[in-house]
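Thank you all for coming; I would like to take a few minutes to walk through one model with you. Please have a look at it on the screen before I go on.

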Amino acid sequence: MVSFNGRSIVSIRDMSHDDLIKVVETTKRVKHGELSGFLKGKTVATLFFEPSTRTRLSFESAVFKSGGSVFGIANPKASSQSKGESFADSIRTVSGYCDVLVIRHPVEGAARMASELSSTPVINAGDGANQHPTQTFLDLFTINESFGRLENLKIGMMGDLKYGRTVHSLAHALALFGNELTFISPPSLQMPENILKELDDRNVKYKSVADLEDAENCDLDILYVTRIQKERFGDPQEYEKVAGIYRITQETIRLLGEGIRVMHPLPRVDEIAEEIDSMPNAIYFTQAHNGIPTRQALLGLVTGGLD
Amino acid sequence: MARTYKVYSIEDGTVIDHIPTPLALKVIRILGLENEGIMTIGIGFNSEKHPRGKDILKIENRELSHEETNKIALIAPDATINIIKNGKVAEKRQITLPSEVRDILSCPNPNCATNKLGARKHFVLENKGTVTYRCRYCERATVVNADMLTKK
Ligand SMILES: [Zn+2]
């Protein structure tokens, strides 16, 4: 029996197949209103060493909805950090004030380090380019909600696959279930070699293509779109060209099949045309809303409010 | 001038052979023996395996543990270990890559908690064949090379 009581949520790499199922199932019960008030008497601290209003509000909302209380240090650098208090001391101190610590930090591995220093469980809300596990959990929940399963799906991932931590973690998680993956990206933003190597080690079926048209015959169930950042291109003209190619319109939906579901971690710029928003294919807003029950479930599980 | 293996023998201690030239000093660093005891270092002996030659290290009056000698595999996987007692070879030892490595390797990622926040350096073995280790903190996988050895 999987138990999360007292456990930190640092990386998808720490999660087994059963762990992922457990979180998805618990999220489902939270979303359907079967579980409530499970953070009563619990205090959550949010420690954001870099701003991410969206993620912070999502956590705070999750705490309130579950009956807990939350305090945040929006910019720890401005307070104790500037007085020379080390990161380690901040974690040791704040963990004594709360039942669970939610941390976001620009340095990769900061959440792992915090989990080793903290007297209470730590939830990683993003550590640089490394991990953002609650995003992966809400992605998995959304897939399961749409298809009723997490295995035997054909999933396309499109956009910046080189630097996008979201797609790295999601590919890692989906690899535990037996799915077929198609990577669609410009050659300069392909899935990194070491991630492909890991998929090989797990005998995951995947292929990489440069054009959306090449994905036409893949019979995809899901297309997971990520933003291509301008900063990745030295030449602005090159960026415009690439951004124009990797853009989802009604025409793309027709091409890829009417049954396809489109996901996106948001915020988007213009990689998905607004005309898609009202179509049944668009599930990215539902996906974003699922962040709340997912974070409720995780907070409940690690504090022992849920089991 | 090429010359075959001939370094004077020791009575008690550990002999590390087949270190590819010029890694003998790095092996000493991996073992943390820079300021300890008596050592004889031979550099550039003929070797069939290593075209640039091999180094030999003799550490007197010290029997290295398996944990210590396995660290040598990080940069010299073909090295062989002989434990010498009373002038005789008491143990011939193979080395295998350690499953975890603390302190002695630096993470090449400048934005890693080990480089930015003072987290203790810690790698976990990912792939034996390619000598790839994954950083416990930033989770990046790296093929180990001698440049990753921490400077003392
Ligand atoms: Zn690292």
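When the whole structure of this predicted model is searched, 4 aromatic pairs turn up over all chains. One of them joins Phe233(A) and Tyr239(A), whose ring centres are 6.1 Å apart and whose planes meet at 55°, so this pair is classed as tilted; both Phe233(A) and Tyr239(A) are buried. Another brings together Tyr284(A) and Phe285(A), with 5.1 Å from centre to centre and 65° between the planes, and this pair is edge-to-face. Are the two partners buried or exposed? Tyr284(A) counts as buried because its relative accessibility is 0%, whereas Phe285(A), with a relative accessible area of 38%, is partly exposed.

Staying with aromatic rings in chain A, there are also arginines to consider. Arg232(A) lies over the face of Tyr163(A), at 3.9 Å from the ring centre, and Arg295(A) lies over the face of Phe59(A), at 5.0 Å from the ring centre.

Let me now turn to the metal. Which residues coordinate the zinc ion? The ligands are the SG atoms of Cys107(B), Cys112(B), Cys135(B) and Cys138(B), at 2.3 to 2.4 Å, and along the chain these donors follow the spacing C-x4-C-x22-C-x2-C. The angles subtended by the 4 donor atoms around the zinc ion run from 99 to 118°, and the arrangement is therefore tetrahedral; for reference, the ideal angle for four tetrahedral donors is 109.5 degrees.

Definitions and conventions
Residues numbered from 1 in each chain as written. Chains lettered and ligands numbered in written order. Predicted model: local features only at pLDDT ≥ 70, side-chain atom pairs only at ≥ 80, totals over all residues. Heavy atoms only, no water. Donors = N, O, S within 2.8 Å, 3.2 Å for Na, K, Ca; no water. Tetrahedral: all angles 85-135°; square planar, octahedral: opposite > 155°, others 65-115°. Phe/Tyr/Trp six-rings, centres within 6.5 Å; stacked < 30°, edge-to-face > 60°. Buried < 20%, exposed > 50% of the residue type's maximum accessible area, 1.4 Å probe, protein only. Lys NZ or Arg CZ within 6 Å of the ring centre and 35° of its normal.
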